[in-house]
Amino acid sequence: MVGLIAIGAGAGLASGLLGVGGGTVMVPLLVAFLGFSQHRAHATSLAAIVPIAAVAGGVFALEGVAEYDTALLLAAGALVGAPLGARAMARLGERSLEAAFGAFLVAVGLAMVFG
């Protein structure tokens, strides 16, 4: 239980500070330290990110930096893409999902450093 709370705290900190958290913090930690399968970690992270994002988004909204029109358009697109991605994830084998996730993290990291 303490491990889960610590992972959640780290994800919340990363989410508020960097705009990330679920995929980039929770998933690897759930797999590495708590022995979750990649599929279970993804699903758990997605379930947890809703309240995390709501709280962090609320703080930014109170500070007047949230772009509501942009956020609504992003949400509309995500509502279409999320079920497609969840179904695709369910069809992938554990090793394929791990490889895809790792490649995604590396690509995003390289884009952030060199982009």
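This is a predicted model: local features need pLDDT of at least 70, side-chain atom pairs count only at pLDDT 80 or more; totals for chains, interfaces and linings use all residues.
Colleague: Fine. How many helices and strands does the protein chain have?

Modeller: Helices (H or I, at least four residues) and strands (E, at least two) are DSSP runs, numbered from the N terminus. Here there are five helices and zero strands, in the order α-α-α-α-α from the N terminus on. Along the principal axes, the C-alpha atoms fill a box of roughly 40 × 35 × 30 Å.

Colleague: How do I check the span of a helix, say α3?

Modeller: The expected span is 1.5 Å times one less than the number of residues. Helix α3 (residues 38-62) has 25 residues, and its first and last C-alpha atoms are 35 Å apart, close to the expected 36 Å.

Colleague: Where do α3 and α4 bend?

Modeller: The bend at a residue is the angle between axes fitted to the seven residues ending there and the seven starting there. In α3 there is a bend of about 35 degrees at I49, with the proline P51 following within four residues. In α4 a kink of about 30 degrees sits at L79, shortly before the proline P83. After α3 comes G64, with a positive phi near 75 degrees.

Colleague: Which residues of α3 are buried?

Modeller: Buried means under 20% relative accessible area, exposed over 50%, and partly exposed in between (1.4 Å probe, protein chains only). In α3 the buried ones are Q38, H39, A41, H42, S45, I52 and A56. Q38 has a relative accessible area of 5%, so it counts as buried. A43, also in α3, is partly exposed because its relative accessibility is 42%. Across the protein chain, buried residues make up 18% of the 115 residues.

Colleague: How do I describe two packed helices?

Modeller: You give the angle between their axes and the distance between the axes. Axes are lines fitted to C-alpha atoms, for helices over the stretch in contact, and angles run from 0 to 180 degrees between N-to-C directions. Helix α3 and helix α5 (residues 94-114) pack at about 55 degrees, with axes 9 Å apart. Under 35 degrees counts as roughly parallel, over 145 as roughly antiparallel, 65 to 115 as roughly perpendicular and the rest as oblique. So α3 and α5 are oblique to each other.

Colleague: Which residues meet between α3 and α5?

Modeller: Contact means heavy atoms within 4.5 Å. Q38, H39 and H42 in α3 meet E94, L97, E98 and F101 in α5. Leaving aside neighbours within four places in sequence, Q38 also has V27 and V31 among its contacts.

Conventions. Residues are numbered from 1 along each chain as its sequence is written. Side-chain values use heavy atoms; hydrogens and water are left out.
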